[in-house]
Amino acid sequence: MKSLWNDAEAAKFAGPLGLRVYSARLLGRDRSLVLHGGGNASVKLAEKNLFGEEREVLYVKGSGSDLESVETEGFVPVRLDYLRRLASLPALSDPQMVNELGTQTLLAGAPAPSVETLLHAILPHRYVDHTHADAVLSVSNTPDGEKRIRDLYGDKVVVIPYIMAGFDLAAYCAREFPRQRTRSTVGMVLLSHGVVSFAADARESYELMIELVSMAERYLEGKKAWSVDLPPAAAPGFKRLEAARLRSEVSRAAGFPLLCRCNDSPRFLGFARHPEVARLSQGGPATPDHVIWTKRLPMLGRNVNDFSSGYKNYFDRNSKKAKEQKTMLDPAPRMALDPELGLVAFGRTARDTGIVEDIYAHTIDVILRAEALGGWRALDEGHIFDIEYWDLEQAKPRAAGAIPAFAGEVALVTGAASGIGKACAEAFLRRGAAVVGLDRNPAIETLWKRPDFLGLVCDLTKAGEVTEVIDKTVKHFGGVDMLVLNAGIFPSSQAVQDVSADIWRSAMTVNVEANLLVMQACHALLKLAPRGGRIVVIGSKNVPAPGPGAAAYSASKAAMNQLARVTALEWGKDGIRINTIHPNAVYDTALWTGEVLAARAKAYNLTVEQYKMNNLLRTEVSSRDVAELAAEMCGPLFAKTTAAQVPVDGGNERVV
Ligand SMILES: [Zn+2]
């Protein structure tokens, strides 16, 4: 492992706290050191208060920020002398600790200090860096891990047995650290948990971490336990219905919809097919705090009922020993190892499934290296249970706030690169859905850079391309729960006697047949939607009130309307509802340039403003108005409605 320290970069960070921010980010940049909220960093500074009195302040990373992206505000100032006194108490309950950390914070409105704050406080050094480094865990998580760690580091580190983070660990270290410490001590190994380095200087502390981890890497190399290749595994070809069925069953076990992400990379497939996968994968996580994201064990194969009853047994066994009454979390898995699908990650958001995948990629490395070294041994399930059901850990997901309406659900929007389609994608994203946007325009691929959006280029008139993008959708998010059929064309104005067969056919192909293809491809997926499938058709005012010169368009939209009604008749038994919106005069789309608007207004002898609001309500209709209704049609408000046709047009006298 190499130090990423760069003097030019560091120079942009002012003062000792700035350098703390910089080196904390360096730790966060290397995923083999820390993953997603894991690890921590702190610095102790002498500061004057408003009365000019000097006091020692511990700046420790608070909850809610990741080391990789932490800002100065992510470090919470806490009274150091008080923290040290706390650590010397004979006992301190979790609620008491949380209260004391909160009341001894020196900045109103700061995030809650880390649950590992007391540990940072009792160490005498100015800078303290803490990671869950893969290499150290690989050495530590073996039957003779403690001996190996002592052989490897000698008196460079103080070795602490596994104790749950929080007061008990800090109090133990406060007693044990001075006893074990020598002049050579530069760090501390927390067995089955992680590693700590410390120094008076930010760079030195960070580079000691790199050195300690490098020593573990070299040790593993020396024992031929570093490069742990798996036999090559070829993906069998993605079976989207099998993946969607699995997601549906896992969602049912959870009691709410979950996204699922399948990764059949050679590494995941290779591990899922490892002859000893049952033993290797059913030990537990590499470090305890992963349990918050992944649960203790991956499901092997696809038997969700077996997994759930196993989880209930685990809860029953361990909750009996707990001091307080515990309430069981949902018994659904958050990851599965499947010889065909590879690693399957489940979560309420795309960010969560990404985290599960990241964590397990590193877990496989840790497991295989430990196994090569002398046998992988995870921490007992009791310790993992304590973390999984620790109020302070459960507070982390809770802090994320209320669960949005479409959390865990997937919306597919056609024609999503601009106009109403883009507004629909936004409306579904706002409600917490994962969204796949399809468009012929390549701009769709880079429309938004966020984990819950996938933009794919597709010509919907080509069945092969439709199959391909739906495979990708299911691989990425697990299914299609909501389908917005928005893509369409508006051929240029022609009188009936002049309509060419080509124009007619292209209107029918894009506005009707392509939608039929997409619906057919999605039918089985919509049937599996945890909350029932929903389709929204973006129709047109031209259906109830056609206009002269738009024969091909109006006829195609009317045909689509009829298709939707028949679909409602046929798919109602599958729990799929389909409703149509008939928008009119939506002028904030690419179609309506300033010039076109001005010309149309002039033709009616109106100003542009008057023209835009030329409806019964004298109001302007925007893409967003249409999109919001499309999203609501997929929500509980329309749960009992199918085959409805709702105008969004400000009131049109020809429609009324
Ligand atoms: Zn830790």
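This is a predicted model: local features need pLDDT of at least 70, side-chain atom pairs count only at pLDDT 80 or more; totals for chains, interfaces and linings use all residues.
**Exercise 1.** Identify the protein donors of the zinc ion and classify their arrangement.

*Solution.* Step 1: list the donors. They are Glu116 through OE, and His130, His132 and His193 through NE2. Their distances from the zinc ion run from 2.1 to 2.5 Å.

Step 1: check the angles. Four donors count as tetrahedral if all angles lie between 85 and 135 degrees. Around the zinc ion, the four donor atoms subtend angles of 89 to 156°, so the arrangement is irregular.

**Exercise 2.** Describe the salt bridge between glutamate 146 and arginine 150, and say where the two residues lie.

*Solution.* Step 1: take the distance. The two side chains meet with N to O at 3.0 Å.

Step 1: locate the residues. Both are in helix 7 (residues 145–153), four residues apart, which is about one turn of the helix.

Step 2: Glutamate 146 is partly exposed because its relative accessibility is 38%. Arginine 150, at 36%, is also partly exposed.

**Exercise 3.** Work out which parts of the chain are linked by the salt bridge of glutamate 56 and arginine 84.

*Solution.* Step 1: the N to O distance of this salt bridge is 4.0 Å.

Step 1: glutamate 56 lies in strand 2 (residues 54–61) and arginine 84 in helix 3 (residues 80–87). The pair is 28 residues apart and links distant parts of the chain.

Step 2: glutamate 56 has a relative accessibility of 44% and counts as partly exposed. Arginine 84 has 31% and counts as partly exposed.

**Exercise 4.** Determine whether glutamate 54 and its salt-bridge partner lysine 48 are buried or exposed.

*Solution.* Step 1: the closest N and O atoms of glutamate 54 and lysine 48 are 3.9 Å apart.

Step 1: the relative accessible area of glutamate 54 is 55%, so this residue is exposed. Lysine 48, with 58%, is exposed.

**Exercise 5.** State how many salt bridges the whole structure holds, and name the members of a network.

*Solution.* A search of the whole structure gives 40 salt bridges. One network of salt bridges links Lys239, Glu242, Arg302, Asp338 and Glu340.

Methods:
Residues are numbered from 1 along each chain as its sequence is written. Side-chain values use heavy atoms; hydrogens and water are left out. Donors are N, O and S atoms within 2.8 Å of the metal (3.2 Å for Na, K and Ca); water is not among the atoms, so sites may look incomplete. Four donors count as tetrahedral if all angles lie between 85 and 135 degrees; four count as square planar and six as octahedral if opposite donors are over 155 degrees apart and all others between 65 and 115; anything else is irregular. Buried means under 20% relative accessible area, exposed over 50%, partly exposed in between (1.4 Å probe, protein chains only).
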